[in-house]
Amino acid sequence: MCANKYQTIVVDPPWQYGAWGGSSGNYYTKSGARWKSHAGRVSEMKYPTMSLVDIEKLPVSSIAADNCELYLWVTQRYLPAAFRIVESWGFKYCQTLTWCKRPRGLGQGGVYCPTTEFIILGRRGRMPKVRRVDTTWWLVKRPLGPSVRKGESRYSHSTKPEVFQDIIETVSEPPRIELFARRERHGWDVWGNEVPCSIELGAQNNMESGSTAYNTQRDAIVPPPKVPADV
Ligand SMILES: C[S@@+](CC[C@H](N)C(=O)[O-])C[C@H]1O[C@@H](n2cnc3c(N)ncnc32)[C@H](O)[C@@H]1O
């Protein structure tokens with residue numbers, strides 16, 4: 001598939017974070033003690049990141065069909081920006097979906113250790129109501145990443161559970177595309193610097209963040225949707 005205009009667009013941008021995700025450069029130990037570290041360093045991410053200005057400049061509206069649903073992944077820190085970006089891409093805010101995770105390891109900056117991530121749903125035009133989903137939150141295990149070191153499976157940084165796209169497929173119409181994808185997915189177009197892209201789309205990284213050259217390594221191709229046991 002390679003459509004010009006999409007009725008479903010999922011975007012998981014490379015937001016910028018401090019060394020441990022906190023805006024202040026603080027991070028927290030398991031006991032709650034606060035450590036000051038890495039102040040002023042913008043990114044310790046395993047991939048290049050983008051400034052808010054550059055994320056906002058992404059030509060998402062140019063690939064959106066007149067009737068289109070947008071799903072924008074975001075964490076606590078960038079929620080206010082995400083609401084603005086959804087509108088600036090030409091979508092009307094509809095709802096917020098929440099991925100609930102069990103606490104694990106060191107907490108990131110903030111009094112409350114973040115155990116949630118969000119998908120902002122925006123819409124433009126009219127979409128047919130295919131079915132009604134009976135919740136806006138899902139408790140889903142962090143996906144195990146493809147990197148296996150010393151025989152141990154490791155949680156993969158920033159990887160989102162496939163179940164969210166399984167659910168999106170049941171309510172939002174094709175053609176569908178995922179921006180900043182890291183693997184191909186049956187029935188979807190994909191775009192990102194870690195997958196063979198279905199389309200061309202300009203995107204600039206903020207090189208001041210310490211971004212390095214694009215990683216061309218590819219993850220495994222994910223099989224067609226399956227229903228997860230732990231939802
Ligand atoms: C938050 S991660 C996406 C995670 C993915 N949704 C998953 O579940 O595995 C952001 C991705 O954007 C990629 N990226 C960063 N800058 C980019 C750019 N300028 N153009 C394309 N992709 C970029 C990163 O390499 C990374 O793969």
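**Entry 1: the ligand shell.** I began with the residues around the ligand, and they divide into seven nonpolar, six polar and four charged. Here Ala, Val, Leu, Ile, Met, Phe, Trp, Tyr, Cys and Pro count as nonpolar, Asp, Glu, Lys and Arg as charged, and the others, Gly among them, as polar. The shell holds 17 residues, the closest being Asp 12, Pro 14, Tyr 47, Phe 180 and Asn 193.

**Entry 2: what I am looking at.** This is a predicted model, where local features need pLDDT of at least 70, side-chain atom pairs count only at pLDDT 80 or more, and totals for chains, interfaces and linings use all residues. Residues are numbered from 1 along each chain as its sequence is written.

**Entry 3: the chain.** I found three helices and 11 strands (DSSP runs, H or I of at least four residues and E of at least two, numbered from the N terminus). Along the sequence they follow β-β-β-α-β-α-β-β-β-β-β-α-β-β.

**Entry 4: helix α2.** I then looked up residues 79-88, helix α2, where Ala 82, Ile 85 and Val 86 are buried (20 or more other C-beta atoms within 10 Å of their own; exposed means 12 or fewer, and partly exposed is in between, with C-beta atoms placed from the backbone). They lie on the same side of α2 because they cover an arc of only 100° around the axis, taken from the directions from the helix axis to the C-beta atoms. The face turned away from that buried side carries the exposed Pro 80 and Glu 87. Just after α2, I noted that Gly 90 has a positive phi of about 95°.

Definitions and conventions: A residue is near a molecule or strand if its C-beta atom, placed from the backbone, lies within 6 Å of it.
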